[in-house]
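Visitor: I am new to this structure. Please show it to me, and then I will ask how you know what you say.

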Amino acid sequence: MGNAEKPSSSSAENPSLLAGRNWLERLLVSFIAKRTPKCREVVKLLSQSMEVKLPVTTRIKIRFHYLICIWCYRYGKQLQALRKIASSLPEHVDDCSKETLSDSSKERMKQVLREARHE
């Protein structure tokens with residue numbers, strides 16, 4: 001079997017947490033996974049944290065979960081970015097700009113989108 005035929009063990013191509021890890025890393029990942037919330041729970045907790053401050057123990061568990069789950073880590077970063085952007089916007093979006101597109105411009109855009117969808 002040549003190099004081109006070998007299965008890749010990179011985390012980008014193989015999302016398994018245990019792929020390509022030595023026994024100590026697998027043991028550590030399993031230890032963390034058993035003691036931290038599952039991904040679905042982390043997502044709920046992160047969304048909840050947008051409204052109320054989570055207990056310190058819960059925040060620590062989420063941080064440990066991030067060590068084994070890049071997807072939840074990225075989701076948490078996205079929520080932080082959204083919170084930052086939303087807080088920088090004016091309270092009323094109408095205050096941002098009074099300019100609007102003309103009706104003819106709107107129609108041209110709709111037509112282009114319709115044509116693109118049918119191609």
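Visitor: Why is leucine 46 called buried?
Guide: This is a predicted model, and the values are computed from it. Leucine 46 has 9% relative accessibility. Buried means under 20%. The value is under the cut-off, so leucine 46 counts as buried.

Visitor: Where does leucine 46 lie?
Guide: Leucine 46 lies in helix H2, which covers residues 39–48.

Visitor: What does leucine 46 touch beyond four places in sequence?
Guide: Leucine 46 touches Ile62, Tyr66, Cys72, Tyr75, Gly76 and Leu79. Take leucine 79. Leucine 46 and leucine 79 are 33 residues apart in sequence. In space they are 7.8 Å apart, C-alpha to C-alpha.

Visitor: Which residues of H2 are buried?
Guide: They are Val42, Leu45 and Leu46.

Visitor: How do you know that the buried residues line one face of the helix?
Guide: Look down the axis of H2. The buried residues fall within an arc of 100°, so they line one face. An α-helix has 3.6 residues a turn, so residues three or four places apart point the same way.

Visitor: What is exposed on the other side of H2?
Guide: Arg40 and Lys44 are exposed there.

Visitor: What covers the buried residues of H2?
Guide: The cover includes helix H3 (56–68) and helix H4 (70–88).

Visitor: How confident is the predictor in helix H2?
Guide: H2 has a mean pLDDT of 94. Helix H1 (residues 23–35) has a mean of 88. For the protein chain the mean is 81. Over residues 1–14, pLDDT stays under 50.

Notes: Residues are numbered from 1 along each chain as its sequence is written. This is a predicted model: local features need pLDDT of at least 70, side-chain atom pairs count only at pLDDT 80 or more; totals for chains, interfaces and linings use all residues. Side-chain values use heavy atoms; hydrogens and water are left out. pLDDT is the predictor's confidence in each residue, from 0 to 100. Helices (H or I, at least four residues) and strands (E, at least two) are DSSP runs, numbered from the N terminus. Contact means heavy atoms within 4.5 Å. Buried means under 20% relative accessible area, exposed over 50%, partly exposed in between (1.4 Å probe, protein chains only). The arc is that of the directions from the helix axis to the C-beta atoms.
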